[in-house]
Amino acid sequence: MSIKMIINLSILFLCVILTSAEKGDGYCDLKEKTCDGDFLNEKFIIYDVNPPEGFNLRRDVYMRFAIMLSEARQHHKNWMLILPPWYSLYHWQTTQSDFPLPWSNFFDVKSLKKFAPVVELHEVFSKIESNIFTIDRLYVLQNYPDAFENGEFRDKWEIGGNCDYDGTFWGYNNVTVKETVCVKYQGRISNLWELISLNPTDKFVMFAHGEIPLHDQYGTKTFWDCRKSMKFNKNLINTAKKYISEYFNCNSKICTTYVSVHWRRRDFARSRKKDVPSIKGTVKQIDNAIKNYNPQIVNIFIASDGQNSELIKLEKQLSDIGYKVHFYLPTQSELDKFKDGGVAIIDQIICSHAAYFIGTYESTFTFRIQEEREILGFESSTTFNRLCPDKGRCEAPSKWKIVN
Ligand code: GFB
């Protein structure tokens, strides 16, 4: 073998070593920028949320865990987040799925994996040897009865007391728990590591009431990086884009041809009467907003969970003063395919691209649209607008602007 050949082979060998080192130990493929765990050496966290909470509040809970796990990776902790499937949500009243829905129905999981080490529960099932999925420890988190002890809110946790798990293990009947621990908990999510470290041999750890721990920091660059990674499933995006193109003749990210409104009703209208307007009040406010923003606009897109009877009245009153009102009405096959959750996302995407958006005060459904618009690059003045009650105070919505 010539010296030249030896040098060439050595270079080739070095390249192979470097490529596998770059790929890491089974976790983040740096070239692909995705995170796939090495199952045997990984440990896993899964969580559940207070059963009545809706989809968009749950998205925020996901972000708290995803950021916690992403930051842990940077400190060489080998923990992954199992994505808790979507099952039997209170607000999904048209099409309840008989089985738990994976995150890929709604999100681009590859994109989630670029930010945090996440895995779908069905992927975990396919890797464990038994038909039964055994969680080593279930921590049932509970609020302290008094959050402001001596007038002060501070981070704390305490094991003890009585508690019950009030969930359904995401609709699966092959999930069991070795030990359940009740924990009063208050404050930032990263303190969960203190709890986890009490039992260092646990491989599968679950938290019930995952909505109780709070973001360590809200609105930072890391928060927004995580938020940006929550891209929707491509079929949902394409359906929304097609609708926007067909009805509003817009094929760009930032449309100029329509105004959108999120009109949250049902339980929200009942439990927050002082924050939402009547139908007449809604019409008046939309009309005023369009006159102030751009009187040329005639197309209004309404996203709503309202009753048909209310929507018909709203449509009639807006049409009577010259507007063209649009709702996204899925075909039966779209409804079967996307389910209520997907239809709601299509509503959100259509709202996100409108020239001007008016939302419902303190609805997380509205918050997620506002975030999307920040990511798309809209002027904040076209985004942080709300419907006010007919009478009384109307506090301005908080403006959470993007940090890039
Ligand atoms: O998403 P979410 O947490 O927002 O829950 P809020 C509301 C759910 O209602 C959505 C449906 O996830 C949808 O399933 N929904 C609401 C809509 N608005 C629309 C809409 O414009 N279009 C479609 N297609 N569906 C909180 C809940 O809801 O409200 C709490 O998380 C509680 O559990 C509270 O119910 C009163 O933040 O608006």
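1. Lysine 339 has its place in helix 11, where helices (H or I, at least four residues) and strands (E, at least two) are DSSP runs numbered from the N terminus. Although lysine 339 is not a glycine, its phi is positive, at about 60°. The residue is buried, with a relative accessible area of 15%; here buried stands for under 20% relative accessible area, exposed for over 50%, and partly exposed for what lies in between, with a 1.4 Å probe and protein chains only.

2. The model is a predicted one, in which local features need pLDDT of at least 70 and side-chain atom pairs count only at pLDDT 80 or more, while totals for chains, interfaces and linings use all residues. Residues are numbered from 1 along each chain as its sequence is written, and side-chain values rest on heavy atoms, with hydrogens and water left out.

3. As for the protein as a whole, it has 12 helices and 13 strands, and its C-alpha trace spans about 85 × 65 × 45 Å along the principal axes. Of the 404 residues in the protein, 50% are buried.

4. A positive phi in a residue other than glycine is also found at phenylalanine 169, with a value near 50°. Phenylalanine 169 belongs to the loop between strand 7 (156-159) and strand 8 (175-186), and with a relative accessible area of 16% it is buried.

5. The structure holds 31 aromatic pairs. Rings of Phe, Tyr and Trp (its six-membered ring) pair if their centres lie within 6.5 Å, and planes under 30 degrees apart count as stacked, over 60 as edge-to-face, and the rest as tilted. One of these pairs is formed by tryptophan 92 and phenylalanine 106, which are tilted, with 5.7 Å from centre to centre and 55° between the planes. Both tryptophan 92 and phenylalanine 106 lie in the loop between strand 4 (79-83) and helix 3 (109-115), so the pair ties together parts that are 14 residues apart in sequence. Tryptophan 92 is buried, with a relative accessible area of 7%, and phenylalanine 106 is buried, with a value of 0%.

6. In another pair, the rings of tyrosine 218 and phenylalanine 223 have centres 4.6 Å apart and planes at 50°, so this pair too is tilted. Tyrosine 218 is partly exposed, with a relative accessible area of 34%, whereas phenylalanine 223 is buried, with a relative accessible area of 2%.

7. Ring pairs also link several residues into a cluster, which consists of Phe55, Tyr62, Trp86, Trp92, Trp103, Phe106, Phe107 and Phe232. The tilted pair of tryptophan 92 and phenylalanine 106 may thus be viewed together with the cluster that includes these residues.

8. The largest pocket has a volume of about 1,300 Å³. Points are joined across faces, edges and corners, and a volume is the space filled by probe spheres set on them.

9. The lining of the largest pocket comprises 44 residues, and those nearest its centre are His91, Arg266, Ser304, Asp305 and Gly306. Two or more lining residues come from each of helix 2 (55-74), helix 8 (266-271), strand 11 (299-304), helix 10 (308-320), helix 11 (332-352) and helix 12 (364-376), and the largest share, 6 residues, comes from helix 11. Domain 1 (42-228) and domain 2 (233-382) both give residues to this lining, so the largest pocket lies between them; the domain bounds come from an automatic or database domain assignment.

10. The second largest pocket has a volume of about 450 Å³. It is lined by 20 residues, of which Ile237, Ile349, His353, Glu372 and Leu376 are the closest to its centre. The elements that give two or more residues to this lining are helix 6 (221-229), helix 7 (234-248), helix 11 and helix 12, with helix 7 giving the most, 4 residues.

11. Finally, serine 319 is found in helix 10 and is partly exposed, with a relative accessible area of 35%. Between serine 319 and valine 283 there are 9.9 Å in space, C-alpha to C-alpha, while the two are 36 residues apart in sequence.

Definitions and conventions:
1 Å grid on protein atoms, 1.4 Å probe; cavity = no way out; pocket = protein on both sides within 12 Å on 5 of 7 lines; lining within 4 Å.
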